[in-house]
Amino acid sequence: MSPDIERPGNIERHDYDVVVIGAGGAGLRAAIEARAQGKRTAIISKSLFGKAHTVMAEGGCAAAMGNVNSNDSWMVHYRDTMRGGKFLNNWRMAELHAREAPDRVWELETYGALFDRTPDGRISQRNFGGHTYPRLAHVGDRTGLELIRTLQQKIVSLQQEDYRETGDYDSNIRVFHECTITDLFVSEGRVAGAFAYYRGTGDFVRFDAPAVVLATGGVGKSYQVTSNSWEYTGDGHALALRAGATLINMEFLQFHPTGMVWPPSVKGILVTESVRGDGGVLRNSEGKRFMFDYIPDVFKEQYATSEEEGDRWYADQENNRRPPELLPRDEVARAINSEVKAGRGSPHGGVFLDIASRLKPDEIQKRLPSMYHQFKELADVDITQEAMEVGPTCHYVMGGVEVDPDTAMSKVPGLFSAGECSGGMHGSNRLGGNSLSDLLVFGRRAGAGAAAYVDGLGGVRAAVAIDDVTEAQKRALLPFSSATEGGENPFVVHLELQKTMNDLVGIIRKADEMELALKALQDIAVRARTVSVAGRREFNPGWHLALDLRNMLLVSLCVAKAALERRESRGGHTRDDYPVMDSDWRHVLLVLSALGEDNVNLVRQEQLPMRPELFDLFELDELKNYYTGEELGGHRADASGSDKGDKL
Amino acid sequence: MSAAPEISHGTVASAGRAQISARTLRTDRWWLPPLLTFAGLAAWVAYATVRAFMQEWYFVEEYNYLTPFYSPCVSVGCEPESAHFGRFLPDVWWLPYASLTLPFLLLFRLTCYYYRKAYYRAFWLSPPACGVAEPHKKYSGETRFPLLGQNLHRYFFYAATLISVINTYDAVLAFGKADGGFGLGLGNIILVANVVALWAYTISCHSCRSIVGGRINNFSKHPMRYKSWQFVSRLNTKHMELAWLTLATLALTDFYIMAVSAGWISDLRIVG
Amino acid sequence: MSYDARFRVWRGDDEKGELVDYPVEVNEGEVVLDIIHRLQQTQAQDLAVRWNCKAGKCGSCSAEINGRPRLMCMTRMSTFTETETITVTPLRTFPVIRDLVTDVSFNYTKAREIPSFAPPPDLAPGDYRMAQVDVERSQEFRKCIECFLCQDICHVVRDHEENKESFAGPRYLMRIAELDMHPLDVADRQKEAQEEHGLGMCNITKCCTEVCPEHIKITDNALIPLKERVVDRKYDPLVWLGSKIFKRPGA
């Protein structure tokens, strides 16, 4: 290796109380909280400050404020969330989420957020799939942007406060942008720091800190068709595994039903659910609104059975049931998949999403401005005149780091996780709008948890082992070394990985295909270890990808392994060979841990039973769809003498 | 940022920036719009200057047509029938007959937010077009005298509103013929069209937009101001078009009246 | 449907660089960013480019295409003829790091200099009441994706490096306008806009508006109204006189 590549000498070092990895909604909210609790905090971001994937969230942020329909409450929100996740959710997380989301949204207004308003001046809320009442605080269809900008500006305001006191903007909270963490340091069984490189210069940097918050988002870049950006390479998932933490629910991936399917270069880019919330309908090539054929039994009560009733719902939601286009995302995605497979798809392999015939052009432009521009500018399609072509796209991973619900701490002391990279909150399927509120609720909890943890240490911190630093450095430079000379192009290996996951562990899964996938992944792992890159360390995309590949591979293994293990279909996990939901699987969590450099170990773990008063929020009849007979024993209906619970 | 060599002709990029010597890499005809603006404004100014100092053919007595370039006519040299506000300025060749108003009209347009853009680009080349380096070594924008005076735009707007009233008055008077009867000719239509365009341009002014409502933060408590602001805002999006339209209608009106007054053509009469 | 296009891409660092010609395949429906990625995957593995969402929402892939600041992900190849040479350079107003990637820290520095939202001190979270018509103007400015194309094209700093010190740029002057129009913000921002952040440098030549990928009317809706508000405060003798004669409490 040339000296320019190796760059011997001291590595830049920073000491912090809390290091937050990821500058999306969860990371920024965590950092704000940690700083508010008096902790010196660093925010590490792979991209520029304010560009995180949170900007892609369009529809809104779910919080039961009851501004539009006063019947809403945290309990209704809680029920919707559990229902959406098919009762596999960590109920404590779902409870905290539903209870705290309104406060988190209101807080944003004090930071300067400007949500759309109701006529009486409160935050307006919109309908969304799976939510009983209008619940999503929003700003047109760019809610994610508002959220990230608001949090970004709050951080700036904290920095201005610090500047007034210390003369240094960065004294208590600093953003390291375009900086990628490649390893976590664990000493004496707890977190000691992290190792990173600056993307711009290629220089290494180490952060010594007793608490690390992972807020790195999802894993979509392991798939070919995805709404996720290049950042979504499962870094937090993989870092947690390698640090000794565990992942749960990794078999559950949400395929958003409506991604763009054409032109090829934008395939996968999201078409917001608001299109359907505002009246858009799905049609197949025969012009039929096919969603009426796909209402599952568990939802029969809540959804309209005729087009007339569905259409009436937009004007009068009290007296009509909602149209089936607004079923939870997994249902809609599967339905579209089936239509395309049955040969009733659109020319480019999707189905038609029609808003043009449902709303006036100026109304469409007003309600869905960024969708209008997205199609106009990327596909040359005028959505006020013609239907969009849409199809499922890999959108969100429900699985993630297993954490304590209240503190967001993982199995590893000092390692916290929030947002998409933590698991449990959404169960087997996430409702639209619950992601932004998840970021805020658990971002704050992770920040607070980390601060409390640091306080609890009483000044005693684990030291980073110097050998670990050397090791991390060596690992990071491997793609440049002579050991990999003549190795493969990382872009090629990445494409192979994406294709494998897309084709073999995609939206509909089969045992034999997943076994093939596991074999293929082993093969790709070998090749990934020897990818080689040319050029220099400054902003070298080949090198960056080579390092990200490691993470994607480990995460893909987790997905494939867990998906093969779970022999039922539930939420974001659909098995062709086990097509129905099985109550015996509801209480089973599949827990993954690292096994050596690139292998994982899977064990089954029992889900904790729901607290009785939460359990009683549901009607027994509904629970019967999900629970086994003996699990229903503690329900209020059961205690009051009814014996219905035993008959299942 | 210690070393900061000035870009003069786009040949040297500041230290640290991408070293690209081309003044612009634009491949379209970026020079065309500023050239057209330059030609259009220059032609108009030339015409207006000639006409302002001509001191004849500004009034058609028979039909009471007075060109806006001579309104109000307040020089002792004015034809008595054309002077509705008295005659008191001395009749010398270097003093236009409408000297009371012309400077304000000129300043209203000179400080107009649209014309500023137009002449900064087309005359001062600052910048000639987006992404094309300007030739000046120093730039201080509108922070110093005399350009600091651009901030007085609203006063010239007030004056222009007053002058628009006078122009309207002229246009109304023109419906009365010299013999006292009602008349309607092509000249009337032109005068009215000009006045309508002038009002649209004047009302669509950015200062006006701020004054009627833009400066307040609580529209919801001032529904009338909000409505006015919305109306002006809609017009304001057409401010550029109105600016050019009024140049055209002004010149056309003036030319028509000159032509009738000089006897080159006779007014097309509809009534009387 | 595919053809070979002629791309000319600036390659270099903060000291030197040059335009390099690449013949490269183009397929139907592609955007400039796709072509840059194809170059990475085939001919120039270490070609540095910054990008993120690839859907025009994050504002990362800013560059200059044929001399005009654009988002690479939103520039469709069909807007060019098959025979023309397409020149891609980094933003020319900011220091270059490598190839198409520039150091945009100027913008983050300026962002910190703008005083943040100042909520009314006694208003509890949840008690905020604002009418839609009162938030709409600021909402337009909050559509900004911070691609910094306006900051790049503005000749005040593009052609005059020395002005960077005293000029916040269109994006951050718009931020002041956004906060000044916020119905609940209590800070006084108008004089500061002129005296600290260089509003007077703007000569409203509208290039910021021309390049805005979000189609925000930066000049007409933010900068000019802000200039007019400054006039209210600084250059309007009537207002000044009025404030002396009719001193209102708190005014």
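**Note on the chain C and chain B interface and on aromatic pairs**

1. The rule finds seven salt bridges across the interface of chain C and chain B. The model is a predicted one. One salt bridge joins Glu210(C) to Arg121(B), with the closest N and O atoms 3.1 Å apart.

2. Polar contacts between chain C and chain B come to 37 residue pairs, with both residues at pLDDT 80 or more. On chain C, the elements that each supply at least two residues of the side touching chain B include strand S5 (85-89), helix H3 (132-141), helix H8 (207-211) and helix H10 (237-245). H9(C) gives the most to that side, with ten residues. By class, the side of chain C that touches chain B has 22 nonpolar, 15 polar and 21 charged residues.

3. In contact terms, 58 residues of chain C meet 56 residues of chain B. The area buried between the two chains is about 4900 Å², and carbon and sulfur atoms give 50% of this area. Arg92(C), Glu161(C) and Glu228(C) supply 14% of the area that chain C buries against chain B, more than any other three residues.

4. Over all chains, the structure holds 43 aromatic pairs. Phe176(A) and Phe207(A) form an edge-to-face pair, 4.8 Å centre to centre and with 80° between the planes. This pair links distant parts of the chain, 31 residues apart: Phe176(A) is in strand S7 (residues 173-177) and Phe207(A) in strand S10 (residues 204-208) of chain A. Both Phe176(A) and Phe207(A) are buried.

5. Chain A also has an aromatic cluster formed by Trp74(A), Tyr78(A), Phe87(A), Phe615(A), Phe618(A), Tyr626(A) and Tyr627(A).

Key
Residues are numbered from 1 along each chain as its sequence is written. Chains are lettered from A and ligands numbered from 1 in the order in which they are written. This is a predicted model: local features need pLDDT of at least 70, side-chain atom pairs count only at pLDDT 80 or more; totals for chains, interfaces and linings use all residues. Side-chain values use heavy atoms; hydrogens and water are left out. Contact means heavy atoms within 4.5 Å. Buried area is the accessible area (1.4 Å probe) that two parts lose on being put together, summed over both. A salt bridge is a side-chain nitrogen of Lys or Arg within 4 Å of a carboxyl oxygen of Asp or Glu. A polar contact is a pair of N or O atoms within 3.5 Å; within protein, one must be able to donate a hydrogen and the other to accept it, and residues adjacent in sequence count only if both atoms are side-chain atoms. Helices (H or I, at least four residues) and strands (E, at least two) are DSSP runs, numbered from the N terminus. Ala, Val, Leu, Ile, Met, Phe, Trp, Tyr, Cys and Pro count as nonpolar, Asp, Glu, Lys and Arg as charged, and the others, Gly among them, as polar. Rings of Phe, Tyr and Trp (its six-membered ring) pair if their centres lie within 6.5 Å; planes under 30 degrees apart count as stacked, over 60 as edge-to-face and the rest as tilted. Buried means under 20% relative accessible area, exposed over 50%, partly exposed in between (1.4 Å probe, protein chains only).
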